[in-house]
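Hi,

Here is the structure I promised to pass on. Have a look first, and then read on for what turned up in it.

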Amino acid sequence: QEFTSSAFVTNTGNHNGWQRIYDLSNGAPNDNVALAFADGLTVEHYHGTTWEGSNQAYNYATPGWFENGIAVERHVVVTMQATSASWDSGNGNNPTGCLRVYVDGAIVTTNNAGNPGCVAGFHYPNNVARSSLLVGDSPWGGDAFTGTMRDLHFWDVRLTHAEVADLHDAGKAASGGVGTFPPSVLARPA
């Protein structure tokens with residue numbers, strides 16, 4: 001069970017409330033996996049209707065979403081990997097996993113002893129089909145994203161550090177070319 005999302009994002013909106021880059025779910029709240037701005041870049045998810053928490057990965061201070069008062073584009077990548085048994089709602093077992101968030105090719109999530117860059121205590125989302133695939137919007141209403149994004153992609157594999165860096169470099173060089181994948185990412189299984 002693995003997952004990667006990638007997008008080049010320019011946030012021009014209110015940084016004090018929720019702004020969802022994407023929300024993959026079966027409604028609100030129902031198996032949501034979301035990437036949003038919420039007083040920092042945040043990954044949030046639910047197991048069914050049970051909130052598993054928000055993992056704030058990045059604040060606006062360094063390197064920041066603005067330079068000299070102007071919003072700047074940042075490349076944001078989220079990788080997830082289950083590292084234990086699957087979710088069993090019958091006995092409450094949550095699969096543990098590794099969550100990493102990258103901004104401009106560099107890991108920005110908290111280091112976890114023995115597993116650099118993984119968020120401690122992360123539980124992998126349910127492995128279920130999701131019928132609501134929202135980009136820049138929320139199943140709760142409101143929380144719309146303000147700004148621009150390009151090259152939003154999802155994979156059912158976890159990209160490596162090197163692949164994330166290659167993807168960042170290729171996207172920056174393309175300056176808006178959709179589907180500009182470096183050979184290391186193209187070689188991944190579909």
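**What I found**

Aspartate 151 is buried, with a relative accessible area of 8%; buried here means under 20% relative accessible area, exposed means over 50%, and partly exposed is anything in between (1.4 Å probe, protein chains only). This aspartate sits in strand 12, and its phi is near 50°, a positive value in a residue other than glycine.

Before the rest, a word on where the numbers come from. This is a predicted model, in which local features need pLDDT of at least 70 and side-chain atom pairs count only at pLDDT 80 or more, while totals for chains, interfaces and linings use all residues. Residues are numbered from 1 along each chain as its sequence is written, and side-chain values use heavy atoms, with hydrogens and water left out.

Now the overall layout. The protein chain has two helices and 12 strands, taken as DSSP runs numbered from the N terminus (helices: H or I, at least four residues; strands: E, at least two). Reading from the N terminus, the order is β-β-β-β-β-β-β-β-β-β-β-β-α-α. Of the 190 residues in the protein chain, 45% are buried.

Aspartate 104 is in the loop between strand 9 and strand 10 (106-107) and is partly exposed, at 22% relative accessible area. Then there is a cis peptide bond between alanine 28 and proline 29, with omega about -25°; proline 29 belongs to the loop between strand 2 and strand 3.

On to the inside. A nonpolar core is a set of buried Ala, Val, Leu, Ile, Met, Phe, Trp, Tyr and Cys residues joined through side-chain atoms within 4.5 Å. The largest one has 23 residues, and Ile21, Leu35, Leu41, Val78, Met80 and Leu99 have the most contacts inside it. At least two residues of this core come from each of strand 1 (2-11), strand 2, strand 3 (33-37), strand 4, strand 8 (74-82) and strand 9 (97-103). Strand 8 gives the most, with four residues. A second, separate core has seven residues, including Tyr102, Trp155, Leu159 and Val164.

Serine 6 is in strand 1 and is buried at 3% relative accessibility.

What about the aromatics? Rings of Phe, Tyr and Trp (its six-membered ring) pair if their centres lie within 6.5 Å, with planes under 30 degrees apart counted as stacked, over 60 as edge-to-face and the rest as tilted. The count comes to four aromatic pairs. In one of them, the rings of tyrosine 22 and phenylalanine 154 have centres 5.0 Å apart and planes at 80°, so the pair is edge-to-face. Tyrosine 22 lies in strand 2 (residues 19-25) and phenylalanine 154 in strand 12 (residues 147-155), so this pair ties together parts that are 132 residues apart in sequence. Tyrosine 22 is buried at 1% relative accessibility, whereas phenylalanine 154 is partly exposed at 35%.

Another pair is tyrosine 46 with tryptophan 140: the ring centres are 5.7 Å apart and the planes are at 35°, so the pair is tilted. Tyrosine 46 is in strand 4 (residues 41-47) and tryptophan 140 in the loop between strand 11 (132-135) and strand 12, so parts that are 94 residues apart in sequence are tied together. Tyrosine 46 is buried, with a relative accessible area of 11%, and tryptophan 140 is partly exposed at 36%. Ring pairs also link Phe3, Tyr22 and Phe154 into a cluster.

Which charged end sits over the ring of phenylalanine 8? That of arginine 150, 4.2 Å from the ring centre; the rule asks for NZ of Lys or CZ of Arg within 6 Å of the ring centre and within 35 degrees of the ring normal.

Over to you!
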